[in-house]
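Subject: Structure handover

Hello,

Here is the structure you asked to look through. Please open it first, then read the notes below it.

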Amino acid sequence: MSTGTTFVAALHLPYTVQFRSKESRPSSSKSLSSRSLPPPIPETRANVPQLTLSTLRNDLAKTPYGEPIATPMPNLLESLGHGNIATSPTPPLTPTTTTAEELFFRVPSTNSIALGSPSDPSMRRIPTIPAARPKATPFLPGGENVVGRGYFDIPVTEKLAPATRPSRRRSSVASGASIYSQQEQDDWTIEKTDFGNGGLKNAVEASQDASENVYVGTLGFGTDTLDEATKVAIEGRLREDHNCLVAYTSNADFDGHYNHYCKEVLWPVFHYLIPDHPKSKAFLDHSWQYFEALNRSIADVIIKDYKKGDTVWVNDYHLLLVPKMVRDALGPDARIGFFLHVGFPSSEIFRCLAHREKLLAGILGATMVGFQTEEYVRHFLQTCSRLLNVEVQENGVLLDSRLVNVVTLPIGIDPIQLAEKRNEQEVTNWTEQLQQRYAGKKLLVARDKLDGVRGVKQKLLAYELFLKKNPQWVGKVVLIQVALTTTSIVESQSTVSDIVTRINCTYSTLDYQPVVYLHQDITYHQYIALLQIADALVVTSLRDGMNLTSHEFVYLQDKHHAPLILSEFTGSAAIFGGAEISVNPWDHSMCARALERALTMPPQEKEERWKKLYARVTGHTAAHWFSEFLSKLEDAWEEQQRCGSAHIPRLSAKILAEQYSAARKKVFFLQYEGTLVSWGSSSSTVVTSPQRIMDTVNDLMEDPTNVVYIMSSRTVQDLEQIFLRVPSVGLFAEGGCFLRPFGKEKWIRLADPELPWKSSVRDILDYYVERTPGTWIEERSCSFIWHLEKAEDKASAQRQAGDCGNHVNGSCESFDVHAIPVTGGLLVECRRWNKVNACRLVLEHMEERKWVVDWILVAGSGRDDEGVFEWANGLRVEEGEEKEGKSKREVVTVRVGTGHTQAKATTNGVAG
């Protein structure tokens, strides 16, 4: 495990800056947000705007926290008309007005910061500059006020005493030119922020040695109006007190990156929504320029502070370009990880992005790439194969110089922190209030952002259908839907409000409201209380990554074992193993049946399902995710370092000669194309084959202790013509489909005599050849090669080859057939017959003849030789390690040329 620093890069730092003077506050220009800025958070309870309603009691009231407030609060039961206590029942209010339910969940503003979602950075409010406090209002540093946010309690202010502040570095701005006085430069504080990825912050804090982790990111807003002295001071405070490195960006860069490219391009595409709104800026080039600029700002901060042995971990879709930027600057030895917290779409969706190749190249700058589920991994590999025309393997993407490992590692929650939160008195108070308020009712709970991918509309339509089909449940079940506001899709909000109004107008009575629609966020204590008393959690996302709300629900249901209704299109559904009630949110009837099933499920089945869910939740925690990712990254880095040609020694002729002389029985496996001769067509290879290559092979054959095999992807006829003068040499044709044993003349067909997949593959290849002028197909006995060397349009040919390879790999997977890009074309072959199997068969025949092989040499240059290298390396038997009577055996594996390889030695150029 690396002992250096781990740079955790994300768009938002876990801390931001709160300014307290008008002069020092950055301008709240339109470039930061299309919304108007929210009012400042009051410093004291006395500054909280008071809510007065004529219908509410005027006597002193208490909040569910048990603390008195000097403002009239609604009587919860009277305002709802609940039970027999109601005095003035009224018809249900429309969702667009302030309802009694909203008043019930409303708490003083110091406790009403938006909760956010630990799994979804988009659940946060749009970042805005903290509003300045009036100068006339004195600052009171002794308060203990906190606000609820995700998993954290956020101090309202964190006073930085001037006496403890270290001296600043010298500013490049002359003191006379600065708009800040010395006192005004001190008039800001560092505070925790609720912006950003709460799940990531959770995992970092839960790690065993959080002190070695350094955050890298932005403050959450552009910093055009900050002078250099203030930037230096903020940077120093974040670095020294909070282990944070800040990347300063202009207002235009931050707004164009976050509000335009991320929100209007990447976020919809990653959730299968193609931006086609008439006002969408999705495909304007300037938003891409802002995206590049902000990624460059963060990459530059990492590069500046990086030291050998450090680890760089880049997180989420906001920073897709950072891995390559860091790689280009730091070189192949840098240890870089990337994790995508949202889902990765299919290649058909991703290819709609104008800058798709640059985005993929940015990700592939990492040493290892992590995704939440196997589905996202498969989509990523298919996209790389199709759009970049590179070879992909089950464990990663094979580039020219290295293998980029790809892993599945679902993120989780922090049970320890959640357990601490649930034991707080505020949660107990809210739990009691909610149980009293909804006594005798079954509660269906949901909390979603009100956008196009959370499935709120589908959930409400399913609930409406459930009530229609099951009238016996009317008056007995309540759906509490917390809907977080978004301004990007007004149509969704209007549609949802109409459905809520229709349901409530149809099924409400004087003391019953079937849908409690809270068009607001709730505090974390309310959130925990709701999950604890819920009779089911309903998640109907149309597309979602790891839904950590469902994980928290499972953890908090250790007493009641309420079932979980979960969309099959969430990442969480992939790890729960069917213990949830899986639904297709587009199928309203299915969702309605799931609601009935959840409400009528026997206690024994509830407990059995919950135990399975609980095991998955506690087995995939935030701390485990964090440590496991870094562990896998370390393993991947070590493997890449071992296989990188820069770290592999050159072949020593002296050592090779010593081993050769000491050996009694020697076997050579030599690749023909690219190793003995330069690669070329069948005819050109015959012409360019040097005479001395044939002489060298003959010299090896003259030694009776030598067995020589030549490996080739060429046909039987080609090899017989090439080695006509060396009749006894062993040959592999078509990559191991045919074998001519050493000293024999008869060929053995290793492949099946009938290949049912060939006709289907031929049809696919013909389809793409017709659309790619200048290309042609070479059909062999057990494979095809689509030659692209003479394509009229090279770029188009590469795209067609990527599509063709993706098509073949998808449709012929059951035959174990794969298509891989090769130099100048596309090779389609079956995995069952290859050089490794042929080499293994050769050694088995030699053992049958009682030949004891104590020295093996394998030389190759292509990617199909890597399997032979790996196999041969495992045959080595060190002195003193003899097993089952096996004697010492030396194995030499040599890669001709550079690149990622399993060989233990390299040499440059063609042997001939």
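In which sense do strand β22 and strand β23 pair, and over how many bridges? Strand β22 (residues 666-671) and strand β23 (residues 706-711) are parallel partners, joined over six bridges. Across this pair, Phe669 sits opposite Tyr709 of β23.

A word on the basis of these notes. This is a predicted model, so local features need pLDDT of at least 70 and side-chain atom pairs count only at pLDDT 80 or more, while totals for chains, interfaces and linings use all residues. Residues are numbered from 1 along each chain as its sequence is written, and side-chain values use heavy atoms, with hydrogens and water left out.

Some terms come next. Helices (H or I, at least four residues) and strands (E, at least two) are DSSP runs, numbered from the N terminus. Two strands count as paired if DSSP finds at least two bridges between them. Contact means heavy atoms within 4.5 Å. Axes are lines fitted to C-alpha atoms, for helices over the stretch in contact, and angles between N-to-C directions run from 0 to 180 degrees.

The eight-stranded sheet

β22 and β23 belong to an open sheet of eight strands, ordered β26-β25-β24-β23-β22-β31-β32-β33, with mixed pairing. Its edges are β26 (748-749) and β33 (905-907); each has a single partner strand, so one side of each is left without a neighbour in the sheet. Helix α22 (residues 653-662) packs on this sheet and touches β22, β23, β31 (855-860) and β32 (890-896), its direction making about 140° with that of β31. Helix α29 (residues 866-873) lies across β22, β31 and β32, at about 160° to β32.

The four-stranded sheet

Another open sheet has four strands in the order β27-β28-β30-β29, and its pairing is antiparallel. Here β27 (776-779) and β29 (817-822) are at the edges, each with a single partner strand, so one side of each lacks a neighbour in the sheet. From one strand to the next, the twist averages 20°. β27 and β28 (residues 783-787) run antiparallel and are joined by four bridges; Glu779 has Phe784 in β28 as its bridge partner. Helix α26 (residues 757-770) lies across β27, β28, β29 and β30 (825-830), running at about 5° to β28. Helix α27 (residues 794-811) also packs on the sheet, where it touches β28, β29 and β30, and its direction makes about 160° with that of β29.

Cysteines

How many disulfides does a search of the whole structure find? The search finds zero, a disulfide being a pair of cysteine sulfur atoms within 2.5 Å. For Cys804, the closest cysteine sulfur is in Cys812, 9.7 Å away, which is too far for a bond. For Cys830 that sulfur is in Cys737, at 7.8 Å, again too far for a bond.

Positive phi

Most residues other than glycine have a negative phi. Asn243 has a positive one, near 55°, and is found in the loop between α5 (228-242) and β9 (244-246). Asn243 is partly exposed, at 28% relative accessible area. Asp816 has a positive phi too, near 60°; Asp816 lies in the loop between α27 and β29 and is partly exposed at 26% relative accessibility.

Regards

Key. Buried < 20%, exposed > 50% of the residue type's maximum accessible area, 1.4 Å probe, protein only.
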